[in-house]
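Please look over the sequence and the structure below before reading on. The report that follows takes up selected side chains and their surroundings.

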Amino acid sequence: MTKYVVLLGDGMADEPHEAFGGLTVMQAANTPVMDALARRGELGLVNTIPPGMSPGSDVANLSAIGYAPERVYSGRAPLEAASIGVRLAPDETALRTNLVTLRQAEGGALVMDDYSAGHISSDDARPLIEALNDAFAGDGVKFYPGVGYRHLGVARGFDDSLKTRAPHDIMGERIDGHLPRGTGADLLNSLMERSRDVFANLPENTRLKTPVTQIWFWGQGKAPTIPTMREQYGLDGAVVSAVDLVRGIGVYLGLKVLHVEGATGWLDTNYAGKVAAAVEFLESGGDFVFVHVEAPDECGHVGKPELKKQAIEDFDTNVVAPMLDYLRTQPSYRLLILPDHPTPLALRTHTNSPVPYVLAGSTDVGDATGRGYNEFDAAATGLVIPSGPDLFRRFLARS
């Protein structure tokens with residue numbers, strides 16, 4: 001039986017950067033395993049973001065795992081709700097609720113200083129979410145703790161007119177031009193402002209290295225209707241990720257969500273545990289696994305070139321290499337490696353440019369010496385796959 005594995009390094013793709021002498025971070029990173037795969041497998045570019053859609057990780061990961069976002073996507077937060085076991089009623093809207101840190105600029109304007117409150121831990125965040133539920137018990141919004149800075153609010157009374165902005169898209173900018181607007185926005189803006197008082201003197205918050213100043217709502221949506229992986233592609237699979245969004249996609253797709261202790265979504269994540277969980281699932285008879293690594297994207301958002309380089313090198317050493325070692329013990333396998341979208345260091349947010357992929361299998365024979373796994377070598381092949389679902393079918397070797 002063929003084993004199918006997707007290894008996704010969130011946000012790995014980038015643009016030429018002065019920190020690397022005009023190379024991209026993927027070109028500058030030492031990634032011998034992925035480079036070797038690029039020489040013996042299929043290297044090209046894929047468009048993961050459909051025209052007119054925002055290049056969020058929600059849209060991009062759905063695309064990378066073989067689903068057309070323009071058909072099944074209803075918002076980011078409903079996917080995260082599924083990950084933490086929150087079932088949405090038809091009239092309920094889920095809202096991603098970030099714990100953020102603002103700073104006061106000259107003249108008194110509030111600026112988005114850190115969309116993650118210093119990458120607050122889940123343990124440190126939990127009492128803050130509990131405090132929100134106590135403070136806002138009569139306001140019609142129920143809060144649920146997630147992972148790190150990523151949490152969830154659920155409420156009624158919203159429609160498609162509600163518009164929000166992701167806090168990682170407005171780093172260093174004044175918030176007053178990016179507040180929620182549309183039906184229900186008055187309530188959300190009120191809660192965001194009132195949360196400052198909730199956190200201001202909370203002992204569990206004031207002791208933190210980067211205290212939380214308020215919550216930030218975005219990514220809203222209602223429960224989607226999505227066919228399972230078994231229905232869509234005839235596969236029984238699993239997903240490994242530290243991120244509620246990707247776990248939630250797995251839930252809707254009928255995949256087994258493999259929880260790994262110490263998986264954080266940052267550079268300190270438990271890489272070995274992720275690979276071990278994936279291998280154990282495949283060894284138990286599973287035929288497909290999707291392993292998601294968040295760290296490159298997070299490093300892109302904070303704009304730290306050396307950290308993003310480390311994240312990509314860690315992905316090669318600690319995820320791709322051991323997974324490939326396992327797959328080589330199998331009689332038949334297909335391996336797909338890609339980012340979901342670029343997260344350019346200079347922009348500190350996502351773009352919708354095509355991303356490089358490498359597709360390899362047990363029968364590939366190398367013939368492309370000197371080629372590496374990066375944006376420019378991928379573009380030089382002239383191979384551009386129109387969409388994520390097109391690439392996924394190619395990965396499965398199906399027309």
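## A charge over a ring

In this predicted model, the charged end of Lys-142 is placed over the ring of Tyr-144, at 5.7 Å from the ring centre.

## Aromatic pairs

Across the whole structure, a search finds eight aromatic pairs. One of them joins Tyr-67 and Tyr-233 in an edge-to-face arrangement, with 6.1 Å centre to centre and 85° between the planes. This pair links distant parts of the chain, since Tyr-67 belongs to the loop between α3 and α4 while Tyr-233 belongs to helix α9 (residues 229–233), and the two are 166 residues apart. Tyr-67 is buried, having a relative accessible area of 1%, and Tyr-233, with 7% relative accessibility, also counts as buried because the cut-off for that class is under 20%.

Tyr-115 and Tyr-149 form an aromatic pair that is likewise edge-to-face, at 5.5 Å centre to centre and with 85° between the planes. Tyr-115 is found in the loop between β4 and α6, and Tyr-149 in the loop between β5 and β6, so that the pair ties together parts lying 34 residues apart in sequence. Both Tyr-115 and Tyr-149 are buried.

## An aromatic cluster

Tyr-67 and Tyr-233 also belong to one aromatic cluster, whose other members are Tyr-4, Phe-288, Phe-392 and Phe-395.

## The surroundings of Asn-61

Asn-61 is part of helix α3, which covers residues 57–64, and with a relative accessible area of 1% Asn-61 is buried. When neighbours within four places in sequence are left aside, Asn-61 is in contact with several residues, among them Leu-8, Asp-10, Phe-290, His-292 and Asp-340.

Conventions
Residues numbered from 1 in each chain as written. Predicted model: local features only at pLDDT ≥ 70, side-chain atom pairs only at ≥ 80, totals over all residues. Heavy atoms only, no water. Helix = DSSP H or I, 4+ residues; strand = E, 2+ residues; numbered from the N terminus. Buried < 20%, exposed > 50% of the residue type's maximum accessible area, 1.4 Å probe, protein only. Contact = heavy atoms within 4.5 Å. Phe/Tyr/Trp six-rings, centres within 6.5 Å; stacked < 30°, edge-to-face > 60°. Lys NZ or Arg CZ within 6 Å of the ring centre and 35° of its normal.
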